[in-house]
Amino acid sequence: TNKKFVYLISPDKIKDENFYINLSLVLSSGKVSFFQLRLKKETNINKLIIGKKIKKICKKYKVKFLINDDPLLAKKLNADGCHLGQKDMDILKARKILKNKIIGVTCHNSIKLAKNAKKNGADYLAFGAFYSTKTKKIEKYADIKILNWSKKNIKVPVVAIGGITNKNYLNLLDNGAKLIAVSSYIWKNKNALKAVMSFYEN
């Protein structure tokens with residue numbers, strides 16, 4: 001397997017300086033490939049301030065820094081790229097803004113969405129939710145079959161997302177996910193670094 005298969009998503013709220021200390025610790029482990037800033041209820045100016053701090057930490061530890069939903073913010077921050085949900089900006093528009101930066105697209109459990117994203121030049125596809133999660137209201141669950149299908153048919157890296165813990169992730173990697181996206185499992189743990197390392201102990 002990929003030595004750095006963790007794709008880390010920020011908590012919904014970044015409350016204080018402790019977060020940055022924790023993030024530095026986690027990223028210094030060398031076990032995280034991507035960090036996605038996903039702040040749904042934050043003002044744009046705060047996203048910029050927080051984003052600048054996080055970008056420095058990501059750069060220091062050579063972790064790719066992505067912004068959720070917002071190609072314009074990704075461009076402003078000169079982030080490594082952007083992650084688009086199905087309700088966000090169209091990938092072709094986002095590509096005009098972000099040029100050759102990384103763009104990932106949420107495809108839920110849909111072969112049609114995956115084919116479309118690939119055709120439109122997505123750099124990675126995200127499928128999920130695979131397990132129940134408190135981070136989001138789940139409308140559709142994804143099936144392991146979609147990982148097998150994409151491994152055979154689509155040569156774009158796949159991120160699996162949704163309720164992933166150190167107890168259920170192996171099945172996803174074994175079936176073709178290149179990366180696993182984790183958020184609450186890490187940030188709700190008393191020791192975020194330990195939580196990340198627990199994925200590498202099996």
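Which residue's side chain meets the side chain of aspartate 143 in a salt bridge? The partner is lysine 145, at 3.9 Å from N to O. More on that pair below, once the ground rules are out of the way.

What you're looking at is a predicted model, where local features need pLDDT of at least 70, side-chain atom pairs count only at pLDDT 80 or more, and totals for chains, interfaces and linings use all residues. Residues are numbered from 1 along each chain as its sequence is written, and side-chain values use heavy atoms, with hydrogens and water left out.

**The barrel**

Let's start with the overall fold. Eight strands form a closed barrel in the order S1-S2-S3-S4-S5-S6-S7-S8, and the pairing is parallel. On average, neighbouring strands of this sheet are turned by 25° against each other, direction ignored. Strands here are DSSP runs of E with at least two residues, helices are runs of H or I with at least four, and both are numbered from the N terminus. Two strands count as paired if DSSP finds at least two bridges between them.

Strand S4 covers residues 81–84, and both of its faces are covered. Gly81 and His83 on one side are buried, and so are Cys82 and Leu84 on the other. Buried means under 20% relative accessible area, exposed means over 50%, and partly exposed is in between (1.4 Å probe, protein chains only).

On one flank, S4 pairs with S3 (residues 64–68) in the parallel sense over three bridges. Asparagine 68 sits opposite histidine 83 there. To get from S3 to S4 the chain goes through helix H3 (residues 71–77), and this β-α-β crossover is right-handed. Right-handed means that, with the strands pointing away from the viewer, the path from the first strand over the helix to the second runs clockwise.

S4 also runs parallel to S5 (residues 102–106), joined to that strand by four bridges. Glycine 81 has isoleucine 102 as its bridge partner in S5, while histidine 83 stands opposite glycine 104. S4, helix H4 (residues 91–98) and S5 make another β-α-β unit that is right-handed.

**Salt bridges**

A salt bridge here is a side-chain nitrogen of Lys or Arg within 4 Å of a carboxyl oxygen of Asp or Glu. The count comes to five, and the table includes some of them.

| Arginine 38 | Aspartate 12 | 3.2 Å |

Arginine 38 is buried at 9% relative accessibility, whereas aspartate 12 is partly exposed at 39%.

Lysine 53 lies in helix H2 and glutamate 17 in the loop between S1 and H1, so that pair ties together parts that are 36 residues apart in sequence. Lysine 53 is partly exposed at 34%, and glutamate 17 is partly exposed at 48%.

Back to the opening pair: aspartate 143 is partly exposed at 34%, and lysine 145 is exposed at 61%.

**Helices H1 and H2**

The axes of H1 and H2 come within 10 Å and cross at roughly 25°. These axes are lines fitted to C-alpha atoms over the stretch in contact, with angles from 0 to 180 degrees between N-to-C directions. The two helices are therefore roughly parallel to each other, a label for angles under 35 degrees.

Definitions and conventions. Parallel < 35°, antiparallel > 145°, perpendicular 65-115°, else oblique.
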